[in-house]
Amino acid sequence: MEKKQGRVIFCPTPIGNLGDISLRTIKALRAADRILCEDTRHSGLLLKHLGISKPLVSYHDHNEKSRTQEVLNWVREGQSLALVTDAGMPGVSDPGGVLIGALQAEGLAYEVLPGPTAVTTAVVHGNMAQGRYLFWGFLPAKKGERDRALEGLKACPVPLVFYEGPHRIMDLVASLHEVLGDREVVFARELTKKFEEILRTRTGAVLDGSVDLRLQGEFVVLVEGAQEEVQEIDIRAALRERMAGGMKKSQAVKEVAKTYKLAKNQVYQESLEIE
């Protein structure tokens, strides 16, 4: 009898509303020999809701590396395993990345199912990204490390997206304001749940108390990207400066266009006004 091929199926779970679970995820959970859970008690409630009873194995940030070898052995034995986190996509600011890397290194089978994730839900709500954004996840808890990370993102021209919990959200806002300045920000709280809230404001308004930010639930935070500074260029003055230094007009046109990244024809038209 041919040995059954084992695999791990990475299963996204609802970020709040249980109705968001996909049919493929339900099928995978029902077919699994074991289910790897970030929190077995939390996932147990979801499985009970779905009427599924399977052996549950803890798999979280603190045991991910030590548990992975055991998981690989189960896959080699031909077992089908499903990995779920407390909410959303495994591997997105949640356990899963270490296991996928190990499966790839060993040439073992796995599958990733599409499904709910807080970041894309919040991005659509925020309506500031236009399809382009930088997702960072959780910033460091320590202020110094957090501020250094933000300093590296200061010039990013697209919106920044972060995850944060209620106990550190004000620390995050303070760092955003201090390092990035007073930017537009969208707080997406308790997504898909009964008390879902989308708040668009500015970091300064939160810090000075003008806006009341409810410190409850998990947050996705969208921050507007760096605004490109508009450089006022006096093309004719730039041309005259170079011509006074000995350049021919044609050379000056090329130099000014290159220096200020302007269309050569635009600079040439300005040069016609110089005697």
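Predicted model: local features only at pLDDT ≥ 70, side-chain atom pairs only at ≥ 80, totals over all residues.

Visitor: Let's begin with sheets. In what order do the strands of the open sheet with parallel pairing come?

Guide: In general, strands of a sheet pair through backbone hydrogen bonds, either parallel or antiparallel. Here, five strands with parallel pairing are arranged as β3-β2-β4-β1-β5 in an open sheet.

Visitor: Which strands stand at the edges?

Guide: Those are β3 (56-58) and β5 (110-112). Each has a single partner strand, so one side of each lacks a neighbour in the sheet.

Visitor: How many bridges join β2 to β3?

Guide: Three bridges connect β2 (residues 34-37) with β3, and the two run parallel. To find the spot on screen, look for L36, which stands opposite V57 in β3.

Visitor: Which helix packs on this sheet?

Guide: Helix α4 (residues 97-106) does, touching β1 (7-10), β2, β4 (80-84) and β5. The direction of α4 makes about 145° with that of β1.

Visitor: What about the sheet with mixed pairing: what is its strand order?

Guide: That open sheet of five strands reads β6-β7-β10-β8-β9. At its edges are β6 and β9 (197-202), each pairing on one side only. The twist from one strand to the next averages 20°. Within this sheet you can look for an antiparallel pair: β8 (residues 184-189) and β10 (residues 219-223) are joined by five bridges. There, V186 has L222 in β10 as its bridge partner. Helix α5 (residues 118-126) packs on the sheet and touches β6, β7, β8, β9 and β10, with its direction at about 50° to that of β10.

Visitor: Now the aromatic side chains. How many aromatic pairs are found in the whole structure?

Guide: A pair of aromatic rings is described by the distance of the centres and the angle of the planes. A search of the whole structure gives four such pairs. Take F10 and Y110: their ring centres are 6.1 Å apart and their planes stand at 90°, so this pair is edge-to-face. The two residues come from distant parts of the chain, with F10 in strand β1 and Y110 in strand β5, 100 residues apart.

Visitor: Is F10 buried or exposed?

Guide: F10 is buried, because its relative accessibility is 1% and the cut-off for buried is under 20%.

Visitor: What kind of aromatic pair do F135 and Y163 form?

Guide: F135 and Y163 are also described as edge-to-face, with 5.0 Å centre to centre and 70° between the planes. F135 belongs to strand β6 (residues 134-138) and Y163 to strand β7 (residues 160-164), so the pair ties together parts 28 residues apart in sequence. F135 is partly exposed at 27% relative accessibility, while Y163 is buried at 10%. Ring pairs also bring in F138, giving a cluster of F135, F138 and Y163.

Visitor: Which residue lies over the face of W74?

Guide: That is R34, at 4.0 Å from the ring centre.

Visitor: On to helices. Which residues of α4 are buried?

Guide: An α-helix has 3.6 residues a turn, so residues three or four places apart point the same way. In α4 the buried residues are L99, I100, A102 and L103. Down the axis of α4 they fall within an arc of 160°, so they line one face of the helix. Their cover includes β1, β2, α3 (64-76), β4 and β5. Just after α4 comes G107, with a positive phi of about 70°.

Visitor: And which residues are buried in α6?

Guide: In α6 (residues 143-153), these are R146, D147, A149, L150 and L153. They too lie within an arc of 160° when seen down the axis of α6, so they line one face. R148 and G152 are exposed on the other side of α6. The buried residues of α6 pack against β6, β7 and α7 (169-180).

Terms used:
Residues numbered from 1 in each chain as written. Heavy atoms only, no water. Pairing = 2+ DSSP bridges. Helix = DSSP H or I, 4+ residues; strand = E, 2+ residues; numbered from the N terminus. Contact = heavy atoms within 4.5 Å. Axes fitted to C-alpha atoms, helices over the stretch in contact; angles between N-to-C directions. Phe/Tyr/Trp six-rings, centres within 6.5 Å; stacked < 30°, edge-to-face > 60°. Buried < 20%, exposed > 50% of the residue type's maximum accessible area, 1.4 Å probe, protein only. Lys NZ or Arg CZ within 6 Å of the ring centre and 35° of its normal. Arc of directions from axis to C-beta.
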